[in-house]
Amino acid sequence: MASYVAGDLHGQVRILEALLRSVRFDPREDRLYSVGDVIDRGTDTGELVAFLHEGARAGWFSPIMGNHEELLLAYLKDPRRHGADYLDPGFGGRVTISALERSPRSDDLLEWIAGWPLVLSLDSFILVHGALPRIRQSIWGDPDLCDKRVDSETGFHSCLWARPPELYPSYDQKTVISGHNIVQEGQHYQDGIILIDTGGYRTGRLTLFRLEDRSFHSFQGKPRCG
Ligand SMILES: [Mn+2]
């Protein structure tokens with residue numbers, strides 16, 4: 001059995017399938033985690049979400065929330081307030097909205113996405129989309145702060161939107177695995193922090209990190225974007 005963490009997928013279901021084949025992923029034994037930003041940008045977002053929803057039901061897939069999922073949910077609650085940001089071509093929300101409009105199961109899918117946790121703590125690893133919020137006056141982050149540190153105007157969680165240099169290792173010595181900030185190759189960004197978003201929606205390159213032997217696995221495909 002092996003456990004893999006995928007970087008930001010943004011609808012790139014074809015590249016994910018090829019990557020899973022290349023590591024001989026076996027859904028009967030192996031596990032796949034996502035660090036969020038499953039949706040938006042990619043024209044196959046609807047197909048990817050349906051595939052992963054099946055995976056969650058079958059027990060081989062576990063996601064956490066990304067800033068794209070957070071803005072989607074905010075947009076659906078208040079389209080007038082968040083429409084300009086979410087539907088901006090640079091953010092890429094339109095493909096997700098049209099996929100939801102076409103899906104007979106959109107209510108199920110949205111309920112599922114709304115339940116994704118902000119952070120996931122495993123034995124030796126912590127998954128968070130952007131970064132752990134910093135414990136004040138320290139160099140450490142704390143997963144328990146993820147649901148507490150919110151932007152006072154938007155209510156958005158800082159752990160989903162953080163950019164360098166605001167990335168902090170966890171005080172409990174677990175290795176933090178994040179997406180959101182694009183790197184050329186999956187890498188040890190600094191002690192205790194691993195970054196695995198290789199910008200697949202524009203580079204065509206998706207990356208997995210295997211927990212058991214701390215190895216990186218990438219596949220170079222062709223992105224399909226809206
Ligand atoms: Mn992101």
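At what angle do helix α3 and helix α4 pack, and how far apart are their axes? Before getting there, some ground rules. This is a predicted model, where local features need pLDDT of at least 70 and side-chain atom pairs count only at pLDDT 80 or more, while totals for chains, interfaces and linings use all residues. Residues are numbered from 1 along each chain as its sequence is written.

Let's start with the whole protein. It has 7 helices and 10 strands, taken as DSSP runs (H or I of at least four residues for helices, E of at least two for strands) and numbered from the N terminus. The C-alpha trace spans about 45 × 45 × 30 Å along its principal axes.

Now to the helix pair. Helix α3 covers residues 67–77 and helix α4 residues 79–86, and they pack at about 140° with their axes 7 Å apart. The axes are lines fitted to C-alpha atoms over the stretch in contact, with angles from 0 to 180 degrees between N-to-C directions. So α3 is oblique to α4, as angles under 35 degrees count as roughly parallel, over 145 as roughly antiparallel, 65 to 115 as roughly perpendicular and the rest as oblique.

And who meets whom? On the α3 side there are Leu71, Leu72, Ala74 and Tyr75, and on the α4 side Pro79, His82, Gly83, Asp85 and Tyr86.

Definitions and conventions. Contact = placed C-beta atoms within 7 Å.
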